[in-house]
Amino acid sequence: MTVFHFFNCAILTFGPHAVYYSATPLSEYDTIGTSVKAAIVYLGTTLVKLICLATFLKVPENDSFDPYQELLKALIGFIDVAGLYFALTQLVHRNISQNHKFQAVGLGWAFADSVLHRLAPLWVGARGLEFTWEYIFQGIEANSNLVLNLSLAALGSLMWLRKNKPRTLIPIIYACAGVLATMPSITSYLRRALGWHPPKRPSM
């Protein structure tokens, strides 16, 4: 039963990535190489972020909101934007269209994030004797993260690859990029300063 629960959670976590690749023209144009390159860039970006977080951020002594630390965290969050910029503009891609390029990059980015942050917890925890909803919620979170990364890649494609951008949309595009980069600081502010907490995950 525990192995069955593990496979269910693993399919829920990683299955949508394979379904998206197979159900879209990405499989017809053989863009797996672009997705793999984007995944490698994501791993490098995450390593740089971890080094910066360990170097510049200090462990808070209490649960108060520190604007200086949150500003540093937001600036470090822009490393993801830089990594995505590199993946979209500097990697050598095959002769694929702009639409397929950003989808392949977003898919590889999301898959690498799921493997890095969710594979080990699934392998260690989902095979336990006690059933818990936590790993099902991780799978749902991975699905929402797939949509978020595809949206971020589409946003980056509008910013850096499209030459004839409507001038009225340029401030909106950059504002959305800023919100996405500072999202950890926004949620931290809501959680600490305003006393907002997400609902707890039930267990059985």
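**View 1. Arginine 118 and aspartate 113 form a salt bridge.** In this predicted model, the closest N and O atoms of the two residues are 3.1 Å apart. A salt bridge here is a side-chain nitrogen of Lys or Arg within 4 Å of a carboxyl oxygen of Asp or Glu. (Buried means under 20% relative accessible area, exposed over 50%, and partly exposed in between, using a 1.4 Å probe and protein chains only.)

**View 2. Arginine 118 also meets glutamate 141 in a salt bridge.** The N to O distance is 4.0 Å. Arginine 118 lies in helix 4 and glutamate 141 in helix 5 (residues 134–160), so their pairing ties together parts that are 23 residues apart in sequence. Helices are DSSP runs of H or I with at least four residues, numbered from the N terminus. Glutamate 141 is partly exposed, with a relative accessible area of 36%. Asp113, Arg118 and Glu141 are linked in a network of salt bridges.

**View 3. Helix 4 bends at arginine 118.** The bend is about 45°, and proline 121 follows within four residues. To find a bend at a residue, take the angle between axes fitted to the seven residues ending there and the seven starting there. How far apart are the end C-alpha atoms of helix 4? They are 40 Å apart, which agrees with the 40 Å that its 28 residues (98–125) should span at 1.5 Å a residue. The expected span is 1.5 Å times one less than the number of residues.

**View 4. Aspartate 80 pairs with lysine 49 in a salt bridge.** Their closest N and O atoms are 2.9 Å apart. This pair links distant parts of the chain, 31 residues apart: aspartate 80 is in helix 3 (residues 67–89) and lysine 49 in helix 2 (residues 32–56). Lysine 49 is partly exposed, at 21% relative accessible area. The structure holds 3 salt bridges.

**View 5. Val3, Phe7 and Ile11 form a nonpolar patch on the surface.** Together they have about 310 Å² of accessible area, calculated by the Shrake-Rupley method with a 1.4 Å probe, where only the protein chains shown count as cover for residues. Patch members have over 30% relative accessible area and no salt bridge; nonpolar side chains (Val, Leu, Ile, Met, Phe, Trp, Tyr) are joined within 5 Å, and like charges within 9 Å. Valine 3 sits in helix 1 (residues 2–23) and is partly exposed, at 45%.

**Notes for all views.** Residues are numbered from 1 along each chain as its sequence is written, and side-chain values use heavy atoms, leaving out hydrogens and water. Local features need pLDDT of at least 70 and side-chain atom pairs count only at pLDDT 80 or more, while totals for chains, interfaces and linings use all residues.

Definitions and conventions
Helices (H or I, at least four residues) and strands (E, at least two) are DSSP runs, numbered from the N terminus.
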